[in-house]
Amino acid sequence: MSNIDARLAELGLTLPEPAAPVAAYVPVVEAGGLAHVSGQLPFVEGTLVTGRLGEDVSLEAGVEAAQACAVMILAQLKAALGSLDRVERIVKLGAFVNSTGDFTDQPKVANGASELMVAVFGDAGRHARSAVGVPVLPLGAAVEVDAIVAVRPA
């Protein structure tokens, strides 16, 4: 068992099967020592979390959705890299929150993903971030998160 796999087990996290792309893109591109992870949608217990923050999705459910996106990012990285021990640092997360015009807690929603990365990778999980409110996301998802990750050579 790798170090990161052991940490995931300590946290009680099981990585799901990586989600297949829903359009013409690949989930992860590794180039120049970086892995660029396409936006991941929130699946909680196999069901896509849909809806809009500030309308029909609570802040707590939004945080959980962002965490689910982060778990899927880890699943995609493990599939692409072979091992999460190749992760050197989480460089940046981009969080997109399906929200009403008067909802302003996008950073709190994004913390669901950010805090998970720190829990898994420690200081190497601390990252730069964007948290943006948008009027709609693919498939009606409540949250989408993408990532840029520094990786060690295979």
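Student: At what angle do helix H2 and helix H3 pack?

Tutor: This is a predicted model, where local features need pLDDT of at least 70, side-chain atom pairs count only at pLDDT 80 or more, and totals for chains, interfaces and linings use all residues. Residues are numbered from 1 along each chain as its sequence is written, and side-chain values use heavy atoms, leaving out hydrogens and water. Helices (H or I, at least four residues) and strands (E, at least two) are DSSP runs numbered from the N terminus, and angles run from 0 to 180 degrees between N-to-C directions, with axes fitted to C-alpha atoms, for helices over the stretch in contact. H2 covers residues 59-81 and H3 residues 106-121; their axes lie 7 Å apart, at an angle of about 40°.

Student: Which strands stand at the edges of the five-stranded sheet, and why is one side of each left without a neighbour?

Tutor: The open sheet has the order E1-E2-E7-E5-E6, with mixed pairing; two strands pair if DSSP finds at least two bridges between them. Each edge strand has a single partner strand, so one side is left without a neighbour in the sheet; these are E1 (28-31) and E6 (128-134).

Student: How many bridges join E5 to E6?

Tutor: One of the residues to look at is Phe96, whose bridge partner in E6 is Val132. E5 spans residues 87-98 and runs parallel to E6, and the bridges joining them number seven.

Student: Which strands does H2 touch as it packs on the sheet?

Tutor: Contact means heavy atoms within 4.5 Å. The direction of H2 makes about 40° with that of E7. The strands touched by H2 are E1, E2 (34-40), E5 and E7 (143-151).
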